[in-house]
Amino acid sequence: MKVMIIGGTSGIGLGLARHYWQQGARVAVCGRHPARLDGEAFARDSRVSVHACDIADRAAVARVVAEVASGAGLDLLIVSAGQYTDAAAIARDRSSTLPVLRVNVGGLDHAFSAAADAMMAHGQGQGHLVAIASIAGLQDDYPNGSLYSASKRAAIAICGAYRKALAPFGIAVTVIVPGYVDTARLRELNGGDASRKLFLMSEQEAVQRIAAAIARRDERCVFPWQMHALATAFNLLPAFLKRARKK
Ligand SMILES: NC(=O)c1ccc[n+]([C@@H]2O[C@H](COP(=O)([O-])OP(=O)(O)OC[C@H]3O[C@@H](n4cnc5c(N)ncnc54)[C@H](OP(=O)(O)O)[C@@H]3O)[C@@H](O)[C@H]2O)c1
């Protein structure tokens with residue numbers, strides 16, 4: 001099995017890369033900063049290749065996906081690359097919106113498009129595309145992070161569109177919709193400590209849940225259920241109560 005993970009140099013993507021390597025897969029890890037894997041023993045294994053690529057660059061993504069798929073093809077692509085901004089960051093620097101759109105929306109499309117082409121070219125009826133979205137994308141109104149939320153809503157929609165388009169070719173599409181996962185990036189966004197985030201899940205548990213959903217070829221996997229229930233209930237509140245929500 002050949003697995004490619006774009007956004008595999010840290011966090012959830014790195015956890016998934018280790019998981020598939022431990023399962024005996026050949027793993028291609030991709031990110032802008034491959035040197036982040038320098039201390040990772042698994043990354044030196046002959047079954048692992050590491051690639052520098054910015055997912056926002058469509059031509060570069062097409063090149064690296066074709067390189068990874070050359071020979072035996074590509075069975076599974078996971079896109080974990082993601083960028084976050086919020087109102088405070090936008091107030092400081094208006095250009096912080098651009099990476100969110102170029103990575104979370106445009107980049108996902110670049111990766112899915114290139115991987116679908118490679119899977120079809122290799123006649124892989126069992127190909128599988130996976131994106132890591134967010135429960136933020138299910139929320140109508142996401143305090144301070146509405147652009148991130150909208151980008152993840154777009155990611156969920158992109159998965160739906162690709163699922164319909166690729167079903168006739170036997171290529172599955174799974175969208176993973178997690179709540180808070182205790183990664184270094186989440187801690188960094190929260191002053192070094194994410195422990196007060198609601199229903200926080202460990203990176204290891206998130207990886208297990210994601211791998212199980214991928215193995216079942218689920219269309220959509222939302223976790224944890226408590227956060228999903230909260231987001232669903234919040235969407236049902238009348239507007240004046242939503243406005244009263246703590247900013
Ligand atoms: N942690 C959470 O609570 C949480 C909750 C819901 C959803 N998510 C989503 O889960 C995904 C992973 O989150 P995480 O917490 O694991 O974050 P992370 O550690 O920051 O991982 C993001 C990965 O994406 C890569 N990346 C970022 N921009 C890229 C670009 N332009 N091109 C290629 N790779 C790029 C980064 O590597 P390089 O620096 O090497 O490029 C890194 O490997 C994200 O999509 C995030 O939105 C996270």
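This is a predicted model: local features need pLDDT of at least 70, side-chain atom pairs count only at pLDDT 80 or more; totals for chains, interfaces and linings use all residues.
Residues are numbered from 1 along each chain as its sequence is written.

Six of the six residues of β2 are buried, so this strand is largely enclosed by the rest of the structure; a residue is buried if 20 or more other C-beta atoms, placed from the backbone, lie within 10 Å of its own, exposed if 12 or fewer do, and partly exposed in between. In a regular strand the side chains alternate between the two faces of the sheet. In β2, R26, A28 and C30 point one way and V27, V29 and G31 the other way.

## The sheet

On its other pairing, β1 is joined by four bridges to strand β4 (residues 76-79), again in parallel, and I6 has V79 in β4 as its bridge partner. Two strands count as paired if DSSP finds at least two bridges between them. The open sheet has seven strands in the order β3-β2-β1-β4-β5-β6-β7, with parallel pairing. Its edge strands are β3 (48-52) and β7 (220-223), each of which pairs on one side only, and the twist averages 15° from one strand to the next.

## Helix packing

Two packed helices are described by the angle between their axes and the distance between the axes. The axes of α1 and α7 (residues 203-215) come within 9 Å and cross at roughly 60°, where axes are lines fitted to C-alpha atoms, for helices over the stretch in contact, and angles run from 0 to 180 degrees between N-to-C directions. In this contact, G11, I12, G15, L16 and H19 of α1 meet E203, Q204, A206, V207, I210 and A211 of α7, contact meaning that C-beta atoms placed from the backbone lie within 7 Å.

Helices α2 (residues 58-69) and α4 (residues 97-121) also have axes that come within 9 Å, crossing at roughly 35°. Here R58, V61, A62, V65, A66 and A69 in α2 meet H110, A111, A114, A115 and A118 in α4.

## The ligand shell

Of the 28 residues around the ligand, G7, G11, G31, R32 and G82 come nearest, a residue being near if its C-beta atom, placed from the backbone, lies within 6 Å. The elements that give two or more residues to this shell are α1 (11-22) and α6 (184-189), and α1 contributes the largest share, three residues.

## Backbone features in loops

The peptide bond from F223 to P224 is cis, with omega near -10°, and P224 lies in the loop between β7 and α8 (225-236).

F199, in the loop between α6 and α7, has phi near 50°, a positive value in a residue other than glycine, and is partly exposed, with 15 other C-beta atoms within 10 Å. R217, in the loop between α7 and β7, likewise has a positive phi, of about 55°, although it is not a glycine; with 12 C-beta neighbours inside 10 Å, R217 counts as exposed.

Note on methods: Two residues are in contact if their C-beta atoms, placed from the backbone, lie within 7 Å.
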